[in-house]
Amino acid sequence: MKFTSYSPSPLRYFLAFTAAAVFYSGLGEAAAGPAVRVLISENKKLIRLTVKGGCQLRVLPSLVSVKRSGKLTGIAVISTPKGIQVGLEEFFGRGIRIEPKEDRDLYLDESRFRGSVDILKDPANSLYAVNTLDIEKYLYGVLHHEVAPWWPMEALKAQAIAARTYAFYQIQVSKTQEYDVKSSTSSQVYGGSTTERTRSKRAVDMTRGQVLSFEGKVFPAYFHATCAGVTAGAQELWKIDLAPLRGGVPCGYCRISPHTEWQSKVPLATIEEKMNKNGRSVGRVLKIEPISQTPSARVGSLRITGTGGETVMAAKDFRIWVGGNKIRSTRFTVMIQDDLAVFQGKGWGHGVGLCQWGALGQSLLGHNFEKILQFYYPGSEIVDHRLENSKSEARNPKQ
Ligand SMILES: [Zn+2]
C-alpha cells in the first residue's frame, strides 16, 4: 500500500559489472522464473551477516570462491581501503557474494533472505547489498507489504499479477544496471522472507508465471493505494503513453478506503528547507497555488511564491520532495495558516493503474482477479510468461 512513487532512472553506481538477468537456478530448487536483483540496503558503514548453515563466499567482481573457517554468526562486514572485511578476514575486491547452501539461511541485519546476497562498496566506500532470487520467491516478500494478507483471495491474486508484471518489466529494462528494483516505496516494498505470510504466498502460487501484457509486451503495471474516484494516466507523470495505463478509469470501489480523504499540516519551514535542498529556493514561503490540472483532476503544477521570488513546479515533484506520506496524493487543495501549509486531499499514491482499495471493494462484490485487472488496465491480457518463452524458443529454433 506504500507504492507511492517511481523513479524511472535508478541510481547508477560507478561500475556496472553484473551480467544480464538470467533464469535463476540456485539452491537446488527448480527454476520458476527469471531472477530479480533487489537493492535491500545502501549507505551502510557496517552490515551484520549471519548464515545458519553452510555457504559459498565469492569475491566480486572476479567471482573467485574463497574458503573461510568458522561460522558466520552476527559478524560485521565493513569496507576497507583495498576491499571488504568479513569478520576478521579481508578480501580484496569490490565486494563479496554469499551463496547459502539452504534457502532462507541468510540474515542481513534484522532481516532474513532467500537466494544469494552481494555486499558491495559504493564510490564513497559505504556498503550496499543486492539480493538475487527467483521472481516468485521475491513476490512472497512483497505482497504482504502491499496489501493485507487477510483481504479476499481475488484481490491478492490481482495484486500478485500486477507486482509480478512490474518486476518482470524492471528485469527487462535494467539489464545494464546493478539491480532491477529497490526494496522501498520507490519500486515496490520488499521485506525479505521475514515478512512472508501464508495467504499472500498462496496468491503468488495460484498465479505463478502470470503477467499482464499489451500488444504482446509486458508493461510497467503501476499500482497505488487509493485513487479516490478516478485513476490517473501514466502520461501525467512519466510521459508513458500506453492504453492500459491511460487512466481516467472511474472507480467507485475504493470508497471503503481509509485514505479517501486526508488532511496534512506541513510547517512552512519544512517546505522552505526542501525547496532550498532541491535548488528552488524562494525565501520565506508566502503562497502555494495550484495553477494547472491533469486530465484526472489532480494538481498538475504549482506556483510557489516567497520573499525571494516565485517558482512554478510539477505537483508530483513537490509531493515527493515534501514526502509521499505527508502529501498523500496530488489531488489536494492547500491554504496557508500562520506558519503551516494545510493540505486537504483525496486518495493515496500516484493514482496510476490498479487501485488497491478498489480491488478490495471489487473482490468483496464477487469480482474475480481477471475482471479486476481488466478494469484497471483496460486492453491488457493475462499471459503466462513461461509459455511465452517457450513459444518464442519454438519460433527461433537453434541452428
Ligand atoms: Zn479507486
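This is a predicted model: local features need pLDDT of at least 70, side-chain atom pairs count only at pLDDT 80 or more; totals for chains, interfaces and linings use all residues.
A221 touches A162, T165, Y166, L212, G353 and Y377, leaving aside residues up to four places away in sequence. A221 sits in the loop between β15 (217-218) and β16 (223-224). Is A221 buried or exposed? A221 counts as buried, because it has 27 C-beta neighbours inside 10 Å. A221 and A162 are 59 residues apart in sequence, yet their C-alpha atoms are 5.6 Å apart in space.

V352 has 28 C-beta neighbours inside 10 Å, so V352 counts as buried. Which residues does V352 touch? They are Y222, H224, T231, A232, A234, L237, L245 and G247, with residues up to four places away in sequence not counted. V352 and G248 are 104 residues apart in sequence and 9.2 Å apart in space, C-alpha to C-alpha.

Now turn to the helices. Two packed helices are described by the angle between their axes and the distance between the axes. Start with helix α2 (residues 153-173) and helix α3 (residues 198-206). Their axes come within 8 Å and cross at roughly 60 degrees. The angle therefore makes α2 oblique to α3. The crossing of α2 and α3 is right-handed. On the α2 side, the contact is made by M153, L156, K157 and A160. On the α3 side, R199, S200, A203, V204 and M206 take part. By class, this contact of α2 with α3 has six nonpolar, one polar and two charged residues.

Helix α2 also meets helix α7 (residues 356-364). The axes of α2 and α7 come within 8 Å and cross at roughly 145 degrees. This crossing of α2 and α7 is right-handed. Here α2 contributes E154, A155, A158 and Q159. From α7 come Q356, A359, L360 and S363. The residues of the contact of α2 with α7 divide into four nonpolar, three polar and one charged.

Next come the strands. Strands of a sheet pair through backbone hydrogen bonds, either parallel or antiparallel. How is strand β8 (residues 95-100) placed in the structure? Five of its six residues are buried, so β8 is largely enclosed by the rest of the structure. Strand β3 (residues 55-60) pairs with β8 in the antiparallel sense over six bridges. Within that pairing, L60 stands opposite G95. Strand β11 (residues 116-121) also runs antiparallel to β8, and four bridges join the two.

Two strands nearby in number form a hairpin. Strand β6 (residues 83-86) and strand β7 (residues 89-92) run antiparallel and are joined by four bridges. V86 stands opposite E89 in β7. Two residues lie between β6 and β7 in this hairpin, and G87 in the turn has a positive phi of about 65 degrees.

Another sheet is built from three strands. It is open, antiparallel in its pairing, and ordered β18-β19-β20. Which strands are at the edges? They are β18 (285-293) and β20 (309-314), each pairing on one side only. Neighbouring strands of this sheet are turned by 20 degrees against each other on average, direction ignored. Seven bridges link β18 to strand β19 (residues 299-306) in the antiparallel sense. The bridge partner of I288 is I304 in β19. Helix α6 (residues 315-322) lies across β18, β19 and β20, and runs at about 100 degrees to β20.

Some backbone details remain. Most residues other than glycine have a negative phi, and most peptide bonds are trans. The peptide bond from L60 to P61 is cis, with omega near 5 degrees. P61 has its place in the loop between β3 and β4 (64-66). N125 is not a glycine, but has a positive phi of about 65 degrees. N125 lies in the loop between β11 and β12 (127-134). It is exposed, because 11 other C-beta atoms lie within 10 Å. A297 is not a glycine either, and has a positive phi of about 65 degrees. Its place is in the loop between β18 and β19. With 15 other C-beta atoms within 10 Å, A297 is partly exposed.

Notes:
Residues are numbered from 1 along each chain as its sequence is written. Axes are lines fitted to C-alpha atoms, for helices over the stretch in contact, and angles run from 0 to 180 degrees between N-to-C directions. Angles under 35 degrees count as roughly parallel, over 145 as roughly antiparallel, 65 to 115 as roughly perpendicular and the rest as oblique. A crossing is left-handed if the near helix is turned anticlockwise from the far one by less than a right angle, and right-handed if clockwise. Two residues are in contact if their C-beta atoms, placed from the backbone, lie within 7 Å. Ala, Val, Leu, Ile, Met, Phe, Trp, Tyr, Cys and Pro count as nonpolar, Asp, Glu, Lys and Arg as charged, and the others, Gly among them, as polar. Two strands pair if DSSP finds at least two bridges between them. A residue is buried if 20 or more other C-beta atoms lie within 10 Å of its own, exposed if 12 or fewer, and partly exposed in between; C-beta atoms are placed from the backbone.
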